[in-house]
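Hi,

Here is the structure I said I would pass on. My notes follow below it.

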Amino acid sequence: MAKVIYKAGDDVSTDVIYPGRFMATVLPGETPQYAFADDAALNAKLRAKQIPPGSVLLGGRNFGCGSSREQAVSCLKGYELVIVARGFARIFLQNAINVGLRLIICPALEAAEGDELEFTPDAIINSNSGRSFPLEPMPKSRQAIIDAGGLVAYTRKRLLERAAV
Amino acid sequence: MSMTVVEKILAHASGQPAVKAGDVVEPKVDLAMSHENAALVINQFLEIYKGTPLEPKLWDAGKVAVIFDHRVPAESPKTASNQKKVREFVAAQLIGKFHDIRGDVGGICHQILPENGYVRPGSVVVGTDSHTTSHGALGAFAFGIGATEMASVWALGTVLNVEVPPTLKVVVKGRFKKFVGPKDLILHLIGRLTAQGANFKVLEFHGPAIDDMPTSGRLVLCNMAVEAGATAGIVPADAETERYLREEAGVTDPIELVKPDADAVYESVLEINVARLAPQVACPHTVDNVKPIDQVAGKKVHQIVIGSCTNGRLDDLAVAARILKGKKVALNTRMLVFPASGRIYRQALGKGYIGAFMQAGAVVMNPGCGPCLGVHEGALGDGEAALSTTNRNFKGRMGNPNSEVYLCSPAVAAASAITGVITDPRKGTQ
């Protein structure tokens with residue numbers, strides 16, 4: 001069971017997730033402090049470190065649209081959040097898979113802040129409403145990267161295979 | 001073979017006779033571009049080699065480009081130190097396509113790549129910048145990736161597990177009216193498609209209005225294709241592409257004009273007639289919140305920005321200078337101009353545009369991303385509004401979440417600078 005700690009709307013941009021003025025900070029260990037920096041309440045909630053790992057940040061459609069900045073992914077991964085949205089923008093989705101931020105695509109999900117969600121392999125059950133919502137599977141092309149534990153590990157494996165030939 | 005341009009490019013780059021939308025391929029990369037975020041790419045690149053007996057080495061230093069543009073000159077010690085780290089890496093790995101903070105060869109990455117002939121029709125271009133879609137203007141398949149993905153490209157020379165995207169064909173007919181152009185067309189299209197309407201898809205541009213459009217205008221269309229969510233925008237290469245590469249980029253080697261097959265399969269076809277298109281404005285806080293100018297005319301703006309990877313090219317500056325020549329920027333309105341590259345700055349200087357801007361009261365800044373990403377130069381005060389020729393207006397985009405950003409063409413921006421309110425250039429300045 002995972003609790004929804006925040007519910008966002010559609011088209012949440014990377015400028016909102018990780019404002020451009022913090023982009024000189026690049027290392028994944030340093031980015032979480034600036035997650036949603038312009039939303040003082042949400043930023044403070046995250047930084048208070050009272051949110052259990054695996055908590056859910058709920059997005060609408062097109063979550064993560066805009067810039068390719070990977071900080072928008074690493075800052076959320078730092079809190080071990082699970083991002084559940086009706087849909088994701090392409091670069092954000094790919095970045096999340098590459099660095100291992102857990103995303104779940106659930107196009108018809110209805111849930112509110114505070115709801116408890118239960119994940120099954122192909123659906124999300126909202127424990128508060130009792131309703132079940134089907135997941136959209138991750139594109140099959142991405143699975144090998146997820147299985148390898150991210151793109152750094154996957155590329156390392158590929159590089160060593162090439163060197164062995 | 002029934003292939004779209006992007007399918008043809010991906011088939012060639014992955015060594016297959018044919019591919020179709022949905023196939024998974026591993027294309028070879030012809031050009032891999034980064035800006036200051038190369039600092040993170042370097043970090044991830046070195047990470048890949050950790051625990052292996054291999055020496056960290058770029059797959060092909062000749063195909064890697066690094067351009068400083070996001071924070072130039074550095075706004076903080078942290079940025080300066082990142083840039084220093086990247087410079088050292090560039091020297092150690094012998095990266096030739098390096099454009100430092102300079103008036104001769106420097107500028108914004110999405111102008112530097114085309115004007116130096118680095119992008120060719122039929123090539124695969126990746127960049128750690130979402131507006132890498134710009135380079136589809138030259139008939140390349142160009143798309144944005146994250147830093148870790150770029151580190152993987154630096155190591156392998158391929159992009160792993162790319163799903164061939166479906167293509168939307170956009171056919172553009174009619175002739176633009178005076179003071180209406182490519183920026184108005186792409187804003188109108190984004191408004192129609194919505195910010196996610198082209199997610200995971202390619203926009204392939206066709207039609208008489210595209211045939212007649214110079215490369216500078218096609219760069220505007222492809223630059224903002226990503227604002228409709230598109231993986232890439234592309235204009236199939238034609239005589240104009242060849243003219244641009246020969247005359248403006250100085251390319252002398254053979255150019256292959258890769259075109260789609262006549263029976264290519266498109267997900268859908270969209271037709272637009274620009275003959276009656278009015279100037280368009282994207283209103284806060286999403287790029288798809290687009291309105292014809294008469295619905296927003298009169299709105300007070302505090303800062304005008306002309307420039308960026310979208311509209312900082314010579315013809316953009318020309319139309320703005322023509323409107324502003326002999327006029328004054330309104331009191332209590334600031335106007336900032338950012339030419340897209342050092343070359344464009346010098347050309348604009350030669351043609352008198354820079355003088356006209358300064359005489360009018362504008363401040364002409366060095367080429368770079370400037371206020372577009374809210375890092376330095378031109379921050380907005382609480383409650384202020386900017387009218388800008390850039391490409392994004394998300395909340396906080398120009399550094400202050402308590403401000404507003406409106407997006408428009410250079411003609412609208414220049415006409416509005418004179419009045420201090422959003423102004424239709426067809427009415428406001430004559």
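First, a term: two strands pair if DSSP finds at least two bridges between them. Helices (H or I, at least four residues) and strands (E, at least two) are DSSP runs, numbered from the N terminus.

This is a predicted model, where local features need pLDDT of at least 70, side-chain atom pairs count only at pLDDT 80 or more, and totals for chains, interfaces and linings use all residues. Residues are numbered from 1 along each chain as its sequence is written, and chains are lettered from A and ligands numbered from 1 in the order in which they are written.

**The sheet**

Chain B has an open sheet of 4 strands, in the order 10-9-8-11, with parallel pairing. Its edges are strand 10 (232-234) and strand 11 (268-273) of chain B. Strand 9 (residues 202-206) of chain B joins strand 10 of chain B through 3 bridges. There, B:L203 stands opposite B:G233.

**The core**

The largest nonpolar core has 191 residues. Such a core is a set of buried Ala, Val, Leu, Ile, Met, Phe, Trp, Tyr and Cys residues joined through C-beta atoms within 7 Å. Buried means 20 or more other C-beta atoms within 10 Å of the residue's own, with C-beta atoms placed from the backbone. B:F141 and B:F357 are among the residues touching the most other members. Domain 1 (5-272) and domain 2 (280-428) of chain B both contribute, so the core lies between them. Those bounds come from an automatic or database domain assignment.

**The interface**

47 residues of chain B contact 41 residues of chain A (C-beta atoms, placed from the backbone, within 7 Å).

Best wishes

Methods:
Buried ≥ 20, exposed ≤ 12 C-beta atoms within 10 Å, placed from the backbone. Contact = placed C-beta atoms within 7 Å.
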